[in-house]
Amino acid sequence: MNIGEPIRRETYEPITLPIEQEPVPAEPEEVPVPTEVPTAVPA
Amino acid sequence: MDTPDRVGYVVGVRWWRRRRLLGDDGWVLTSPLYVAASAWPPGRPLRAMCLPRGCEAPAERCRCGIYAFRDPEHLLTHVQGWYSDPELFAVTTIERVVFGAVALWGEVIEHERGYRAEYAYPLGLWVPPRWRKLYPQVEAIHRALGERYRIPVVYEWEELL
């Protein structure tokens, strides 16, 4: 997804989460499409 | 996590591909791209990881993190562009695309048109109104996804944003 250039970084801490379970680590959620950054594709 | 800058979470919009995983009878939301393992677990937050570089996602000098657009307009333009590219079109058929809103929290990098975040969970699914006639089977599938993730399914973005 082309979301443009970064502007700022902030930390958000919800009072109430949408769900209450422990987070699950994910594979890289966004791998650039082949035409963008082929070197970022995991082996 | 250190002292937060803000309390709450950011709301963005994004797309997924719905898939059936091996050994699972139901549909799940996955990244629309080609990382097979990137299923969004129902009932649990997704935490971003950066396998290519191993950085603390989302890192400023990387492209890792969980992505979302700020506006539905940018999201739909993005998806239309995707489906106008014959090489990318092969990734999935359009009726397997799922649109929705997501809560983003933890470390969040704001970009010009969206966000990269550390944690995320879907807040609701949006069905394009025209799809009710074009793809009649999609409505029931979205309802099943909504029940599984315990989120609403709507036909107007305003109900989610």
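## Salt bridges between and within the chains

Arg9(A) is partly exposed, its relative accessible area being 31%. The model in which this residue is described is a predicted one. The side chain of Arg9(A) forms a salt bridge with that of Glu60(B), with an N to O distance of 3.8 Å. This contact crosses between chains: Arg9(A) belongs to strand S1 (residues 6-13) of chain A, whereas Glu60(B) sits in the loop between strand S5 (46-47) and strand S6 (66-69) of chain B. Glu60(B) counts as exposed, because its relative accessibility of 54% is over the 50% cut-off.

A second pair joins Arg6(B) to Glu10(A), with 2.8 Å from N to O. This pair also crosses between chains, from strand S1 (residues 6-7) of chain B to strand S1 of chain A. Here the two partners fall into separate classes of accessibility. Arg6(B) is partly exposed at 42%, while Glu10(A) is buried, since its 14% lies under the 20% limit.

Within chain B, the side chains of Arg132(B) and Glu139(B) meet in a salt bridge of 3.5 Å, N to O. Arg132(B) has a relative accessibility of 43% and counts as partly exposed; Glu139(B), at 25%, is likewise partly exposed. Over all chains, a search of the whole structure finds nine salt bridges.

| Arg residue | Glu residue | N to O distance |
|---|---|---|
| Arg9(A) | Glu60(B) | 3.8 Å |
| Arg6(B) | Glu10(A) | 2.8 Å |
| Arg132(B) | Glu139(B) | 3.5 Å |

## Buried residues of chain B

Is His111(B) buried or exposed? Its relative accessibility is 6%, and it therefore counts as buried, the limit being under 20%. His111(B) lies in strand S7 (residues 97-111) of chain B. Leaving aside neighbours within four places in sequence, His111(B) is in contact with residues of chain A, namely Ile3(A), Gly4(A), Glu5(A), Pro6(A) and Ile7(A), and with Arg70(B) and Arg116(B) of chain B.

Tyr121(B) and Ile151(B) are separated by 30 residues in sequence and by 9.9 Å in space, C-alpha to C-alpha.

The largest nonpolar core comprises 57 residues, and Trp15(B), Trp40(B) and Phe99(B) have the most contacts inside it. Strand S7(B) contributes the most to this core, giving nine residues. Apart from residues up to four places away in sequence, Phe99(B) touches several tryptophans, including Trp15(B), Trp16(B), Trp126(B), Trp131(B) and Trp157(B). Other residues that Phe99(B) touches include Arg14(B), Leu75(B), Leu76(B), Val79(B), Leu125(B) and Pro128(B).

Which residues form a nonpolar patch on the surface? Tyr9(B), Val11(B) and Leu161(B) do so, with about 240 Å² of accessible area together. Val11(B) lies in strand S2 (residues 10-20) of chain B and is partly exposed, at 31% relative accessible area.

Glu159(B) is placed in the segment after strand S9 (153-154) of chain B. Glu159(B) is exposed, having a relative accessible area of 54%. Between Glu159(B) and Val11(B) there are 148 residues in sequence, yet 13 Å in space, C-alpha to C-alpha.

## Chain A and the confidence of the prediction

Chain A contains zero helices and two strands. Of its 43 residues, 37% are buried. The chain exposes about 2,600 Å², of which carbon and sulfur atoms supply 51%.

The mean pLDDT of chain A is 66, and 37% of its residues reach 70 or more. Over residues 31-41 of chain A the pLDDT is below 50, and this stretch has 19 contacts in the model beyond near neighbours in sequence. Where pLDDT is low, predicted coordinates should not be read in detail.

Note on methods: Residues numbered from 1 in each chain as written. Chains lettered and ligands numbered in written order. Predicted model: local features only at pLDDT ≥ 70, side-chain atom pairs only at ≥ 80, totals over all residues. Heavy atoms only, no water. Salt bridge = Lys/Arg side-chain N within 4 Å of Asp/Glu carboxyl O. Helix = DSSP H or I, 4+ residues; strand = E, 2+ residues; numbered from the N terminus. Buried < 20%, exposed > 50% of the residue type's maximum accessible area, 1.4 Å probe, protein only. Contact = heavy atoms within 4.5 Å. Patch = residues over 30% accessible without salt bridge, like charges linked within 9 Å, V, L, I, M, F, W, Y side chains within 5 Å. Areas by Shrake-Rupley, 256 points an atom, 1.4 Å probe, with all protein chains shown as cover. pLDDT = per-residue confidence, 0-100. Core = buried A, V, L, I, M, F, W, Y, C linked by side-chain atoms within 4.5 Å.
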